[in-house]
Amino acid sequence: MRVELKFRSGVQGRLDVSSLHSNLLLRMTGKELELQTLWMGHKTISLAEVCAVRKHVDKQDELVFSGETQGLIKIGYALTGGRLTIEGNAGDELGVGMSAGVIHVHGNAGDWCGANENPNSLGIQGGMIFVDGNAGDQVGAGMRRGLILVSKNMGKYVGARMNAGTILCGGKVGDHPGLGLKRGSIITSKANGLLPGFFPAGKADEEWLRICFNEICSVGMRIPTGWLEKIPNRFTGDHLEMGKGEILIYDPME
Amino acid sequence: MQLKGVVIDNTFAEAFPMWVSRLILTADTSRLALQAAEAASGLAFSIIGCGCEAGIEGDVPASETPDGRPGVAALFFSYAPEKLEEHLLLRIGQAILPSATSACFNGLAAERMAKVGGKLRFFANGFQSSKLIGDQRYWRIPVADGEFVVSESFGIGQGVGGGNLIILGTERGKVLTAAEAAGNALRKVRGAIAPFPGGVCRSPSKPGSKYKEVRASTNDVYAPTLRTRVPTELKPEEQSAYEIVIDGTTEQIVRTAMKEGIRAACLPGVTRITAGNYGGKWGPYHLYLHRLLKDGKA
């Protein structure tokens with residue numbers, strides 16, 4: 001079943017949609033869906049007050065957010081499977097706490113995309129997030145497993161304190177990527193520069209990258225332009241931490 | 001029954017259950033992938049002496065391999081899952097890992113999994129790293145030409161071993177040509193291998209020996225030089241015999257491979273095609289040659 005939540009424009013403030021778990025919503029009746037509560041600041045409101053709910057019984061399992069989605073925070077919170085689509089921009093903390101499933105944002109994503117909820121917790125522990133546009137700061141901070149692909153640019157501190165997993169940026173990463181990186185891979189077309197805890201380590205080995213690209217293609221997504229024809233340069237780090245992480249950069253640094 | 005003038009004996013091959021794993025080996029070129037596969041499946045001809053039977057199943061196009069490089073599929077059989085795991089660890093670690101540009105992936109979805117890459121990673125001495133991509137974990141082991149990528153676990157499933165054909169004829173050269181043709185034909189059947197060199201075995205064996213410590217001995221009934229000393233299976237005009245051993249992932253695949261082998265082996269100089277069995281007491285699969293040729297079922 002496909003459940004589409006079309007958010008109305010003119011809603012003031014940021015809406016916390018962490019209670020909208022796709023595995024629950026797909027099994028609810030229309031009435032139950034409308035009564036589902038959301039947090040707006042310290043107040044709760046019902047889903048019916050801010051969006052129109054449409055169910056398509058004959059389609060594949062999918063939860064779709066459309067309309068005015070820019071102010072929605074924690075979309076896909078603790079996602080454990082299935083497919084979630086945002087037909088627009090997503091707010092901050094997209095996919096926080098997720099462990100499986102696929103999130104696809106047709107627009108931009110805010111800060112803390114696939115990151116940890118707080119500095120003491122882990123970032124996403126599995127699943128895949130695809131953002132067709134740009135993403136804000138701290139993408140994949142504290143990430144433990146999974147994959148995040150942003151087709152355009154990312155903000156500062158990409159993969160900060162990352163434990164493992166893979167972050168791919170089709171455009172340019174902001175300043176200080178991989179700050180405190182323990183393990184895991186950050187792959188980008190361009191970077192301004194790297195922190196002093198990263199050292200050049202020749203060219204990347206392509207085999208696992210190709211496996212990764214195959215997986216991305218298997219869910220119907222595209223590899224950033226030019227990546228299949230080139231071999232990126234490899235930098236290991238953050239050597240102030242474990243030093244088992246890597247940043248792969250396709251184009252020479254500016 | 002006769003096929004192209006060759007007598008097909010009314011008998012059956014006796015096959016038995018074995019455990020099987022399928023490896024997908026990739027490399028920068030198909031030549032390098034084949035080289036690695038040949039190294040890994042070397043000295044794995046007979047379960048009796050080698051503990052493992054292995055062979056190359058066929059090419060895997062780059063579009064179907066996990067890392068998008070040219071690949072080769074190889075099948076490994078053994079009598080116990082623990083023994084098979086031991087051989088996978090040995091053969092991947094000692095033959096595939098050192099092969100230039102190679103990578104090794106699991107090619108069999110099975111309930112039972114053998115942790116192989118998860119053990120081989122220790123070769124990296126702490127510099128190993130893993131990637132969980134989809135639901136598969138891969139280990140990256142740093143080596144001198146980059147990284148050796150290997151699946152953490154390999155599927156171990158139920159297969160069938162011991163399918164066989166014995167090709168007899170008047171001249172050694174002609175019988176060998178027919179046996180090689182049979183070996184080539186059956187190896188085109190996906191899921192089947194003929195583990196002996198060129199698919200052909202010149203030394204059919206029987207279980208047991210007059211010597212206590214020897215587990216198997218020459219099957220004297222097919223040895224032309226012993227025809228005056230033992231109750232021979234050879235007709236007076238038959239001077240040579242070659243055996244084709246066939247293992248497969250399913251009973252049906254072994255049947256199909258045997259059928260293809262028989263058809264290919266009916267060449268000039270071949271008088272008869274028969275099969276080895278132990279009276280039906282050893283293996284649960286009885287693959288009757290006449291039924292194979294008539295309706296494909298044993």
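Strand S14 of chain A and strand S15 (residues 233-237) of chain A pair in the antiparallel sense over 3 bridges, where strands are DSSP runs (E, at least two residues; helices are H or I, at least four) numbered from the N terminus, and two strands pair if DSSP finds at least two bridges between them. Within this pair, A:Lys203 has A:Asn233 of S15(A) as its bridge partner.

This is a predicted model, in which local features need pLDDT of at least 70 and side-chain atom pairs count only at pLDDT 80 or more, while totals for chains, interfaces and linings use all residues. Residues are numbered from 1 along each chain as its sequence is written, and chains are lettered from A and ligands numbered from 1 in the order in which they are written.

## The whole sheet

The two strands belong to an open sheet of 12 strands in chain A, with mixed pairing and the order S5-S1-S6-S8-S9-S10-S11-S12-S13-S16-S15-S14. Strand S5 (51-56) and strand S14 (199-203) of chain A stand at the edges with a single partner strand each, so one side of each is left without a neighbour in the sheet.

## Two domains of chain A

Chain A is divided into domain 1 (1-70) and domain 2 (74-249), with bounds that come from an automatic or database domain assignment. Taken over C-alpha atoms, the centres of domain 1 and domain 2 of chain A are separated by 27 Å.

Across the boundary, 15 residues of domain 1 of chain A are in contact with 17 residues of domain 2 of chain A, contact meaning that the C-beta atoms of two residues, placed from the backbone, lie within 7 Å. On the side of domain 1 of chain A that touches domain 2 of chain A, the largest share, 5 residues, comes from S6(A).

## Chain B

Chain B has 7 helices and 17 strands. Its radius of gyration, taken over C-alpha atoms, is 21 Å, close to the 19 Å that the globule rule (2.2 Å times the number of residues to the power 0.38) gives for 298 residues, so chain B is as compact as a globular protein of that length.

Along its principal axes, the C-alpha trace of chain B spans about 65 × 45 × 30 Å. Among contacts in chain B between residues at least 6 apart in sequence, 72% join residues at least 24 apart.
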